[in-house]
Amino acid sequence: MLNLGRLRVLCEVIERGSFSGAADALSYTQSAVSQAIARLEAEVGAPLVVRDRRGVRPTAAGATLVEQAAHIFGQVEAAEEELAAVMGIRGGRLRMASFPSAGATLMPEAIAVFRAGHPDIALSMAEGEPEEIAPRLRAGEIDLALLFEFPGVVEWTGATLRSVTLLEDPMHVVLPAPHPLAAKDRLMLRDLSEEEWVQTSASSPCARHVVRSCLTAGFEPKVTFESDDYETVQGLVAAGVGVALIPQLALTRERKDTVVRELSPSSPKRKVIAATGRGPEVSPAARTMLQVLIDVAERYTGAVTA
């Protein structure tokens, strides 16, 4: 069987007209070029080049081999492209899902970066809460998901998924702009013990964490309105019907009718996680997007401030 590396050396020698020219083009030594030609001639069983005062020219066997080499290298390149497509880097699909606030912030930039480097991959993204997305990821219905978890509560990942923490997303107090506490730069949760609250639905991870945090501060929040849309939550706060704890990723749009304050000594935080399956079934496209998300999150950390 012909050695493709030596065949490429032969083509360079014939094209350049000398062993030294081929050596320069390939970044080889002239001795290495001579050895490659000698071994290729041994494989073929016939002389392939003739050297004289005019330089190097092919024998009949050498000319035939060089002529066929273009077809051989073309087929090898096509095979490599098809293999790359099968492995999901130059073709195929990548199915993603995200919870809404990350889908509106981290995902768009990551998708733009990924698509610029891999335009032939069909990308799709579904939106939902972690409790909806994680089971679909485990079932293989999606390839990569953005989830969130609160410290000490591992709800979605576990041994069946590979997960990477992208960033910590602090929750901040949102108050109506005329609220008396708006004059303070930082608040403590117990400052809000007599307030009415707006939060996401009681069964949601964020609402459960708000309740846990308030109980730790010594009171149970009086929840008067619920919505799983943080835009709606902020609108209700702006209307003066309550206060809320909202993750920073959901506070990218500045409102003049509310104020955002950090909590002292520290705000509750949720971990934003990128998760895939485990093992060889994870596509190279998913692994590549995972790295893109890590890079985007590094740039994003600190870019959104309360």
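Student: Leaving aside neighbours within four places in sequence, which residues is Met289 in contact with?
Tutor: This is a predicted model, where local features need pLDDT of at least 70, side-chain atom pairs count only at pLDDT 80 or more, and totals for chains, interfaces and linings use all residues. Residues are numbered from 1 along each chain as its sequence is written, and side-chain values use heavy atoms, with hydrogens and water left out. Contact here means heavy atoms within 4.5 Å. On that basis, and skipping neighbours within four places, the partners of Met289 are Leu94, Met96, Ala110, Ile111, Phe114 and Leu144.

Student: How are H6 and H10 oriented: parallel, perpendicular or oblique?
Tutor: Helices (H or I, at least four residues) and strands (E, at least two) are DSSP runs, numbered from the N terminus. Axes are lines fitted to C-alpha atoms, for helices over the stretch in contact, with angles from 0 to 180 degrees between N-to-C directions; the axes of H6 (residues 106–117) and H10 come within 9 Å and cross at roughly 125°. Under 35 degrees counts as roughly parallel, over 145 as roughly antiparallel, 65 to 115 as roughly perpendicular and the rest as oblique. So H6 and H10 are oblique.

Student: Which residues of H6 meet H10?
Tutor: On the H10 side, the residues met include Ala285, Met289, Leu293 and Tyr300. From H6 come Leu106, Met107, Glu109, Ala110, Ile111, Val113 and Phe114.

Student: Is Thr105 buried or exposed?
Tutor: Thr105 sits in the loop between helix H5 (100–103) and H6. Beyond four places in sequence, Thr105 touches Leu249, Thr252 and Tyr300, and a polar atom of its side chain lies 2.7 Å from the backbone oxygen of Ser101. Its relative accessible area is 9%, so Thr105 is buried.

Student: Which backbone nitrogen does the side chain of Ser227 reach?
Tutor: Find Ser227 in the loop between strand S9 (222–226) and helix H9 (230–238). At 14% relative accessibility, Ser227 counts as buried. Its side chain reaches, at 3.1 Å, the backbone nitrogen of Asp229.

Student: What phi does Ser27 take?
Tutor: Most residues other than glycine have a negative phi. Ser27 lies in the loop between H2 and H3 and counts as exposed at 67% relative accessibility. Although Ser27 is not a glycine, its phi is positive, about 60°.

Student: Where is the cis peptide bond with omega near 5°?
Tutor: Most peptide bonds are trans. Check the loop between strand S11 (258–263) and strand S12 (269–276), where Pro265 lies. The cis bond runs from Ser264 to Pro265.

Key
Buried < 20%, exposed > 50% of the residue type's maximum accessible area, 1.4 Å probe, protein only. Polar contact = N/O pair within 3.5 Å; in protein donor to acceptor, adjacent residues only side chain to side chain.
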